[in-house]
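Please view the sequence and the model together before reading on.

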Amino acid sequence: MVKLLWAGALVLGFAAPLAAQEYEDHNKMLMDHGAGHLMDMGGGMVMGQNTDTLPGGCDKISETKEITVHAGHKYAEKFPGRMFAFDTQEFQFKPCTKLTVHFINEDGIRHQWMMHGLPKYLYPKGMFHLEVSGPAKISGTLILPPGDKTYLVHCDIAQHMEKGMKAQLKVGAGSGDLPSIPGVTALEIPDDYTGSAIPVIAKPAVASATSSEPASVSSPTPSAVSAPAAQQDDSFVSGITVIGLAIGLLLAPVLARTFKGMTFSEAATHAFVLLRQFIELLLGLIAKLVKMVSSNKSKMLPRG
């Protein structure tokens, strides 16, 4: 008996991972709040549902379509730098199509499938909105307007769209492509780390196989030239600072004895006198040096 119980437990243990994931169906619990707004207490919501009213310019429903859209983290793995995504990033239908969207959230957090830019006279706030806290599924229906236009579809949860959960839906021929649709169009604002504080380690230049010059003869890059210059400037300034501090420390006792007992005005006057005497002494030394150099030159000149 014990062996049979152990065998049954092992069979269940191996079979559990193979079982399909169960998604809570919110469509059976939705309550109609009017104006196409359906909602339940479990986090499911449909806004802007329209199953029978034709948009202006549509004489009849051109065709009836159903799509199933999956949302989750795993669908962003094929888009580097993205965190969330739909399984499909682009849709296209005829004008005046009656479209039913079955939205399945495969993550353990809330996701949305929102379509913007619809006529506000028919769709409150100009949007069709599906929302569910997952893992769960929800469905909603709308009738697409006439004309050729591209509509934004995205998740409006904070940063989910920026992290990749967005797509475009073209009615007719569409009105062009939207930017930053994963796998469809390029990023509107590409990632740029050149101005960041992250250190960039330059790769060493690879010498050409046909070049006869050694690698050490190659001309240095501007960054390699500027770095030593900056270091030399820093060391030069540091040297002057150290010398100035040393002179100040040596002269401090002498100056303290010289100006002892003087008022501020007397000390200022005496300082100017000392400065004048220093300048006169310096000029005298320069004059003697010039006279000495000129006399040596006259001695060296040949006499005629």
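In this predicted model, the side chains of Arg110 and Glu131 meet in a salt bridge, with N and O 2.5 Å apart. The term salt bridge denotes a side-chain nitrogen of Lys or Arg within 4 Å of a carboxyl oxygen of Asp or Glu. This pair links distant parts of the chain, for Arg110 belongs to strand E9 (residues 110-116) and Glu131 to strand E10 (residues 127-133), 21 residues apart. Helices (H or I, at least four residues) and strands (E, at least two) are DSSP runs, numbered from the N terminus. Arg110 is partly exposed, at 38% relative accessibility, whereas Glu131 is buried, at 8%. Here, buried means under 20% relative accessible area, exposed means over 50%, and partly exposed lies in between (1.4 Å probe, protein chains only).

Residues are numbered from 1 along each chain as its sequence is written. Because the model is predicted, local features need pLDDT of at least 70 and side-chain atom pairs count only at pLDDT 80 or more, while totals for chains, interfaces and linings use all residues; side-chain values use heavy atoms, with hydrogens and water left out.

The structure holds 4 salt bridges.

| Pair | N to O distance |
|---|---|
| Arg110 and Glu131 | 2.5 Å |
| Glu90 and Lys170 | 3.6 Å |
| Lys170 and Asp177 | 2.8 Å |

Glu90, Lys170 and Asp177 are linked in a network of salt bridges. Glu90 and Lys170 meet through their side chains. Glu90 lies in strand E7 (residues 90-93) and Lys170 in strand E13 (residues 166-171), so this pair ties together parts that are 80 residues apart in sequence. Lys170 is buried, with a relative accessible area of 12%.

A covalent link can be considered next. A disulfide is a covalent bond between the sulfur atoms of two cysteines. The structure holds 1 disulfide (a pair of cysteine sulfur atoms within 2.5 Å). Cys58 and Cys96 form this bond, and their sulfur atoms are 2.1 Å apart. The torsion about the S-S bond of Cys58 and Cys96 is about -85°, so the disulfide is left-handed. The two cysteines link distant parts of the chain, 38 residues apart: Cys58 is in the loop between strand E4 (45-47) and strand E5 (64-72), and Cys96 is in the loop between E7 and strand E8 (98-105). Both Cys58 and Cys96 are buried.

Strand E12 (residues 149-154) contains His154. His154 is buried, with a relative accessible area of 4%. Its side chain makes a polar contact with the side chain of His116, at 2.9 Å. A polar contact is a pair of N or O atoms within 3.5 Å; within protein, one must be able to donate a hydrogen and the other to accept it, and residues adjacent in sequence count only if both atoms are side-chain atoms. Apart from neighbours within four places in sequence, His154 is in contact (heavy atoms within 4.5 Å) with residues including Phe86, Trp113, His116 and Met161.

For the chain as a whole, there are 3 helices and 13 strands. Buried residues make up 27% of the 304 residues.
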